[in-house]
Amino acid sequence: MSEKWIAGVDLGGTTTKIAFITMDGEIVEKWEVPTDNTNEGQNITSNISKAIDEKLIELGQMKDKLIGIGMGAPGPVDYEKGIILNVVNLGWRDNYPLKASLEKTTMLPATIENDANCAALGEMWKGAGNGAKDLVCITLGTGVGGGVIANGNIVQGVNGAAGEIGHITAIPFDGAPCNCGKTGCLETVASATGIVRLAMEELNKSETTGELRKILNAYGKITAKDVFDTAKNGDVLALEVLDVVSFHLGFVAANIANTLNPSMIVLGGGVSKAGSFLLEKVKGYFVKFAFTAVRESTTLSLATLGNDAGVLGAAWLIKNKLNQ
Ligand SMILES: [Zn+2]
């Protein structure tokens, strides 16, 4: 029997990443298609199915090369019913029957999972995890996502909402409003958006001159990358902002570690591209707040898979299902 592939899909608000992946987790082919949010999201799964069929033809493969399709989607998942709850930006109505829709359009067995959980599974399988079965992933992007893996399995929670690390309350009083409706969530200070917001607050209330202010004056706006780049060059205001960000991240990561004592907490997502510069600052606060036995056994590290984590984690879902 020739080697089978798994289709791994990482569904995003604007683009969908798709990959054919071997049972050993090697990516054979990966590509992206636009996510079509019109018509209440009714075209999303049929577009994915079409993209997969076209790619198989291009690669000279038959449909039976694929043994299943795993998908990460941006929202909480009801695993028993295979539905995705509450995903407004994809056009789907509440409780969209994603698993059934995927199986119908692709004619493949499907599994679905929250996208941040998929990223965590990807890092466990082929990334920073390196075989670790107890691992927590914090994805720092436009928002902050999280995935908790205990003994090789995602901790899903009674309503599919476990591991929402971005919505851990980091600032209990007078915190900024979060997209989820609460205030003071970790996401409001540790996401790219949150970092820019903190930096703009500081720039607006101080008169300091520096590289970050020069960028603001020249372009009328700043990005999270500007904050990191200027901090690396010694910009005082940018360094102060990153100290606040690192404090909250280190504090939350330490308390997650105090609760779960995983072998590692992995920082991923676009913001983590700041690399060891960010990691070392977060570690400084992590060791301060971690319980001794936890500090000595849980490590903080950077994700290694970048954008591939989601499709790999989605493929792992199918592999894991077959092994059960
Ligand atoms: Zn929130």
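Which helix and which strands do the buried residues of H2 pack against? They pack against helix H1 (44–58) and against strands E4 (66–73), E6 (83–84) and E7 (110–114). The model is predicted, so that local features need pLDDT of at least 70 and side-chain atom pairs count only at pLDDT 80 or more, while totals for chains, interfaces and linings use all residues. Residues are numbered from 1 along each chain as its sequence is written, and side-chain values use heavy atoms, with hydrogens and water left out.

**Domains**

- The protein is divided into domain 1 (5–121 + 308–323) and domain 2 (130–304), with bounds that come from an automatic or database domain assignment.
- The centres of domain 1 and domain 2, taken over C-alpha atoms, are separated by 28 Å.
- Across the two domains, 13 residues of domain 1 are in contact with 15 residues of domain 2, where contact means heavy atoms within 4.5 Å.

**The second largest pocket**

- The second largest pocket holds about 340 Å³ of space, a volume being the space filled by probe spheres set on grid points that are joined across faces, edges and corners.
- On a 1 Å grid over the protein atoms alone, a pocket is an open set of points where a 1.4 Å probe fits, with protein on both sides within 12 Å along at least five of seven lines, and lining residues have an atom within 4 Å of a point.
- The lining of this pocket has 17 residues, of which Tyr 79, Thr 111, Glu 113, Gln 156 and Leu 317 are the closest to its centre.
- Strand E7, strand E10 (153–154) and helix H11 (309–323) each supply at least two residues of that lining.
- By residue type, the lining divides into eight nonpolar, six polar and three charged residues, with Ala, Val, Leu, Ile, Met, Phe, Trp, Tyr, Cys and Pro counted as nonpolar, Asp, Glu, Lys and Arg as charged, and the others, Gly among them, as polar.
- Because domain 1 and domain 2 both give residues to the lining, the second largest pocket lies between them.

**Helix H2 and its buried side**

- Helices (H or I, at least four residues) and strands (E, at least two) are DSSP runs numbered from the N terminus, and H2 spans residues 98–106.
- Within H2, Leu 98, Ser 101, Leu 102 and Thr 106 are buried, a term for under 20% relative accessible area, whereas exposed means over 50% and partly exposed lies in between (1.4 Å probe, protein chains only).
- These four residues lie on the same side of H2, because they cover an arc of only 105° around the axis, an arc taken from the directions from the helix axis to the C-beta atoms.
- H2 is followed by Met 107, which has a positive phi near 55°.

- Most residues other than glycine have a negative phi.
- Asn 39, in the loop between strand E3 (27–34) and H1, has a positive phi near 55° although Asn 39 is a residue other than glycine.
- Glu 40, which is found in the loop between E3 and H1, likewise has a positive phi of about 55°, and Glu 40 counts as partly exposed at 38% relative accessibility.

**Buried residues and their contacts**

- Ile 6 lies in strand E1 (residues 5–11) and is buried, with a relative accessible area of 0%.
- Ser 301 is found in strand E12 (residues 299–302), counts as buried at 17% relative accessibility, and touches Met 264, Ile 265, Val 266, Leu 267 and Leu 279, not counting residues up to four places away in sequence.
- His 248, in helix H8 (residues 236–260), counts as buried at 11% relative accessibility, and, leaving aside neighbours within four places in sequence, His 248 is in contact with Ala 170, Ile 171, Leu 186 and Val 189.

**Partly exposed residues**

- Lys 182 is found in the loop between E10 and helix H4 (187–190) and is partly exposed, with a relative accessible area of 33%.
- Leaving aside neighbours within four places in sequence, Lys 182 is in contact with His 167, Thr 169, Ala 176 and Pro 177.
- Ser 276 has its place in helix H9 (residues 276–289) and counts as partly exposed at 48% relative accessibility.
- The C-alpha atoms of Ser 276 and Leu 302, 26 residues apart along the chain, are separated by 7.9 Å.
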